[in-house]
Amino acid sequence: MKRERKSRVWMPLDNAALIFPAIRRKNWNNVFRESVTLKEDIDPALLQQAVDELMPRFPSFYLRLRRGVFWYYLEEVSAPPRIQEDYAYPLTFMTRREMGRCCFRVLYFRNRIALEFFHVLSDGGGAMTFLKTLTAHYVSLRYGIKIPSTDGVLDASETPNPGELEDSFQRFAADHAAFCPEAEAYRLPGRRELGRFLHLITGVVPGEDLHALAHGYGCTVTVLLAAIMAECVLTIQTEALPKKRQKPVKITIPVDLRRLFPSRTLRNFALTVNPGVDPRLGSYTLQELCDTFTHQLAAEITPQRMAGRIAENVEPQRNRLLKAVPILLKTPVMRAVYNRRGERLGCLNVSNLGVQKLPEAMAPFVDRMEFIIGVQYSYPNNCSVVTYGGVTLINMIRSTQSPELERRFFSRLVELGVPVSIEANEEAR
Amino acid sequence: MYCVRCGVKLQDGVKACPLCATPVWCPETGEGEPAATYSDRYPIISRQKRLTVMASLTVVLLAAMVACFSIAYNTTGRMGWSFYVIVSTAAFYFIFLLPFWFRDPHPMIFVPVAFLSLCLLLLLISGYTGGRWFLTFALPLTAILAALTIGSIALFRYVKGGTIFITGGLLLLIGGSCMLAEFFEHLTFGTAMFTWSIYAAVVFGLFGTFLILAGIIRPLREYLDRQFFL
């Protein structure tokens with residue numbers, strides 16, 4: 001009997017993902033990590049089974065990166081990725097060869113399941129859905145219970161909805177681009193760590209206290225954290241540079257566009273905004289920083305404005321002339337534009353995934369959820385935040401040796417009356 | 001257990017605060033190791049692939065040089081044309097391939113090495129052909145090029161800011177170098193002095209002066225910034 005050969009699923013990169021293969025270097029690329037810590041140790045065989053069984057449900061994740069003549073594209077993997085034991089530090093470098101096999105990895109260590117994604121696949125929001133569904137599937141295999149498909153957990157037996165696979169940037173782009181030249185931001189100093197070791201300092205903070213503090217300043221938790229971060233960066237800059245050589249201090253905040261537009265995509269659908277202040281114009285109190293950040297974000301994060309910014313990004317992708325430029329020429333140009341603009345608009349990211357919830361049946365098995373973004377190529381620090389079970393985890397990652405920013409940031413939180421517990425991944429060798 | 005300096009709570013068993021490195025001493029918990037949050041598995045960062053490629057390229061080039069020499073020697077009994085192939089290949093190797101042996105090649109080392117190799121190549125060819133153009137033409141020209149290249153790399157690398165002045169100054173120097181080059185051409189080959197180089201010098205000179213002026217006159221610089229930003 002002749003076996004019918006199934007053609008492989010493939011898809012072009014979404015609009016935001018186009019940049020990531022172009023800007024990766026021999027020692028850096030844009031990878032982020034999401035993990036859950038369960039109450040009991042992980043059973044690797046069952047975890048592998050869960051990873052294997054979810055492949056039909058998440059066709060936009062089980063993909064590998066390939067290069068065409070004009071564009072990169074994503075192609076279905078031949079087999080689900082093998083799970084691996086976690087490394088000594090998060091977000092170890094993902095080589096081109098590894099991306100050519102699969103663009104995400106599944107890691108486990110004791111009672112923790114971690115997923116590390118190359119950013120071409122998805123953003124924090126989409127990846128969280130995948131992680132929750134994978135964890136739910138693992139828990140149901142391990143403990144034989146049925147987990148309902150609520151709170152971001154998808155039904156593993158369903159066929160994927162076409163809306164989950166769409167490039168929402170194309171659908172929601174405005175007719176006219178919103179063009180907004182921005183000033184360059186200050187770049188944090190620091191001597192790079194030898195090798196590729198990334199230092200991670202996690203601040204464990206009671207979510208309620210943080211929320212109450214933000215409420216006191218009349219802003220959201222994201223704005224409060226960004227404002228405190230800006231305050232610390234301002235101090236560092238003041239100590240390092242005379243006033244006339246100082247630059248604006250701006251914090252890059254990713255915005256999940258699923259909250260603004262009716263999209264259910266699991267692929268990239270986020271943009272960043274860069275609220276900030278110029279230290280040459282005077283000094284700022286924390287209250288003033290919170291206020292100005294709140295207003296800047298409110299002015300920027302509207303559906304109309306975001307649609308205009310999406311249009312700005314989508315326009316070159318739709319240009320017929322540019323489409324026909326071979327990838328070998330496109331890549332260096334994209335990289336040059338990114339070097340000139342992409343990373344210079346913010347001092348560091350403060351990426352907040354918000355409050356995560358899990359179905360009630362599953363919550364007793366889960367201890368904590370973590371979200372870690374890698375460092376950018378040119379700026380050495382980054383910060384990512386997620387809240388689960390009333391606990392907010394503030395992960396500060398850095399590629400430099402000195403924890404100066406972390407020290408100032410967490411000490412400031414303590415000063416403001418928020419109790420902070422610190423965990424660090426010290427280098428063992 | 002809290003850090004006395006930062007006020008943050010620390011994990012049991014840590015010896016120093018991860019934020020400020022203040023030593024922690026707590027008589028109640030005693031000596032113990034904190035529970036590791038990560039495994040001790042390090043990724044293997046191999047430079048094996050690049051070294052293998054470099055080694056095989058070296059072997060292939062060496063083999064090609066030996067083959068050329070033996071063919072030329074067997075057919076004509078002399079080195080003949082194989083001399084040019086061998087010295088050019090060697091120069092190519094030192095100029096373009098040598099830096100790839102190293103993980104982080106420093107331009108201030110490898111650019112001078114490249115120019116030295118180029119100089120040596122020209123000296124050998126000049127000597128082999130009996131040409132009398134090395135000392136008065138090839139050497140000064142290479143030296144000028146080397147000085148310009150190394151100087152601009154050093155300035156762009158180590159001087160912060162002032163890009164517009166550096167670029168302007170370099171353009172002026174390039175204009176001047178064109179005239180020098182034609183002067184050496186005249187000295188060696190007896191051609192007419194300053195026929196083409198004067199045009200090049202004027203164009204480079206105008207651009208260079210314009211840039212330096214733009215650096216001095218702030219409104220002009222800001223206008224250019226607005227017009228040409230990417």
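Predicted model: local features only at pLDDT ≥ 70, side-chain atom pairs only at ≥ 80, totals over all residues.
**Entry 1**

I began with an open sheet in chain A, built from five strands in the order E5-E6-E7-E2-E13. The pairing in this sheet is mixed. Which strands sit at the edges? I found E5 (84–85) and E13 (366–373) of chain A there, each pairing on one side only.

I then went along the E5 side. E5(A) runs parallel to E6 (residues 104–109) of chain A, and two bridges join them. Looking for a residue pair, I noted Gln84(A) opposite Leu107(A) of E6(A).

Is E13(A) mostly covered or mostly uncovered? It is mostly covered, with six of its eight residues buried.

**Entry 2: helix H9 of chain A**

Next I looked up H9 (residues 286–300) of chain A, a helix of 15 residues. From its first C-alpha to its last I read 21 Å, close to the 21 Å expected at 1.5 Å a residue.

Which residues of H9(A) are buried? My list has Leu289(A), Cys290(A) and Phe293(A). They lie on the same side of H9(A), because they cover an arc of only 100 degrees around the axis. I checked what covers these buried residues, and the cover includes helix H8 (221–240) and strand E11 (276–277) of chain A. Turning to the face away from the buried side, I found Ala298(A) and Ala299(A), both exposed.

**Entry 3: where the chains touch**

For the contact between the chains, I noted 29 residues of chain A against 19 residues of chain B. On the chain A side, helix H12 (327–342), helix H13 (404–415) and strand E16 (421–424) each supply at least two residues. Which element gives the largest share? That is H13(A), with five residues. I also sorted the chain A side by residue type: 16 are nonpolar, four polar and nine charged.

Opposite Ile422(A) I found Leu10(B), which belongs to E1(B).

**Entry 4: chain B on its own**

I looked up the domain assignment of chain B, which gives domain 1 (1–35) and domain 2 (50–105). How far apart are the C-alpha centres of these two domains? The figure is 60 Å.

I then followed helix H3 (residues 107–129) of chain B. Its 23 residues should span 33 Å at 1.5 Å a residue, and I read 32 Å between its end C-alpha atoms, so the two agree. The buried residues of H3(B) are Ala114(B), Leu121(B) and Leu122(B). Their cover includes helix H2 (82–97) and helix H4 (134–158) of chain B.

What follows H3(B)? I found Gly130(B), with a positive phi near 75 degrees.

**Entry 5: pages to revisit**

I marked two spots for another look on screen.

Note on methods:
Residues numbered from 1 in each chain as written. Chains lettered and ligands numbered in written order. Domains from an automatic or database assignment. Pairing = 2+ DSSP bridges. Helix = DSSP H or I, 4+ residues; strand = E, 2+ residues; numbered from the N terminus. Expected span 1.5 Å × (residues − 1). Buried ≥ 20, exposed ≤ 12 C-beta atoms within 10 Å, placed from the backbone. Arc of directions from axis to C-beta. Contact = placed C-beta atoms within 7 Å. Nonpolar A, V, L, I, M, F, W, Y, C, P; charged D, E, K, R; others polar.
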